[in-house]
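Could you walk me through reading a protein model, one feature at a time?

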Amino acid sequence: MPKFTIESTYHLPVYRHRTYDAATPAEACRQAVEDDDWSAEKFDYETAGETYITGIWPGADAAYRVESITVPSQFHETIQRKAAHFQELFDQLVYVAQPMGLSTVDFERWLPKAIVAIEKAKAIIEERRDPDEQTAGS
């Protein structure tokens, strides 16, 4: 029977409570994200993430000693699977976000919403903030 060395992992949430002076909730959130002082961190063992596979190697005790094998996608972290699928869906939306035989009225109703969705998807992919709704697509 073949043997495989498997590297599995999970995310352990770390949190902190801190008060920020800000004019808006968005500004307070921005300050919290940019704050790199985690000296009062707490570990949340109660909400540890799912276990997923990050590496597989043929043989016993073979991690990083031999070439790894591709991990089947169903064993990847769910959020990463969603992100990869999101990219596929985004690519499809970009493709159809052009005139495609819809009535003029339906197309004019659909296109602005599609452009907003595309701009938000671009921001997520590029790890940026969501665009402001009034400027999306312009």
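Q: What should I know about the numbering and the ground rules before I start?
A: Residues are numbered from 1 along each chain as its sequence is written. Because this is a predicted model, local features need pLDDT of at least 70 and side-chain atom pairs count only at pLDDT 80 or more, while totals for chains, interfaces and linings use all residues; side-chain values use heavy atoms, with hydrogens and water left out.

Q: How do I read the confidence, and where is it lowest and highest in the protein chain?
A: Start with pLDDT, the predictor's confidence in each residue, from 0 to 100. The protein chain averages 86, and 91% of the residues score at least 70. Confidence is highest in strand β1 (residues 4-9), with a mean of 97, and lowest in helix α2 (residues 78-96), with a mean of 79. Over residues 133-138 pLDDT stays under 50, and the model has five contacts there beyond four places in sequence. A contact means heavy atoms within 4.5 Å. Where pLDDT is low, the predicted coordinates should not be read in detail.

Q: Which secondary structure elements does the protein chain have, and in what order do they run?
A: Helices (H or I, at least four residues) and strands (E, at least two) are DSSP runs, numbered from the N terminus. Here there are three helices and four strands, and from the N terminus they run β-β-α-β-β-α-α. The radius of gyration is 22 Å, well over the 14 Å that the globule rule gives for 138 residues, so the chain is more spread out than a compact globule. That radius is taken over C-alpha atoms, and the rule is 2.2 Å times the number of residues to the power 0.38. The C-alpha trace spans about 65 × 50 × 25 Å along its principal axes.

Q: How much of the protein chain is buried?
A: Burial is judged by relative accessible area: buried means under 20%, exposed over 50%, and partly exposed in between (1.4 Å probe, protein chains only). Buried residues make up 13% of the 138 residues.

Q: Is Phe90 buried or exposed?
A: Phe90 sits in helix α2 and counts as buried, at 11% relative accessibility. Setting aside neighbours within four places in sequence, Phe90 is in contact with Ile118, Ala121, Lys122 and Ile125. Its C-alpha lies 20 Å from that of Glu108, 18 residues apart in sequence.

Q: What does Lys42 touch?
A: Lys42 belongs to strand β3 (residues 42-43) and is partly exposed, at 41% relative accessibility. Not counting residues up to four places away in sequence, Lys42 touches Pro13, Val14, Tyr15 and His17. The C-alpha atoms of Lys42 and Ala22, 20 residues apart along the chain, are separated by 24 Å.

Q: What is there to see in the phi of Asp61 and Tyr64?
A: Most residues other than glycine have a negative phi. Asp61, however, has a positive phi near 50 degrees, and Tyr64 has a positive phi of about 65 degrees. Asp61 lies in the loop between β4 (52-58) and α2, and Tyr64 is also placed in the loop between β4 and α2. Asp61 is exposed, at 60% relative accessibility, and Tyr64 is exposed, at 63%.
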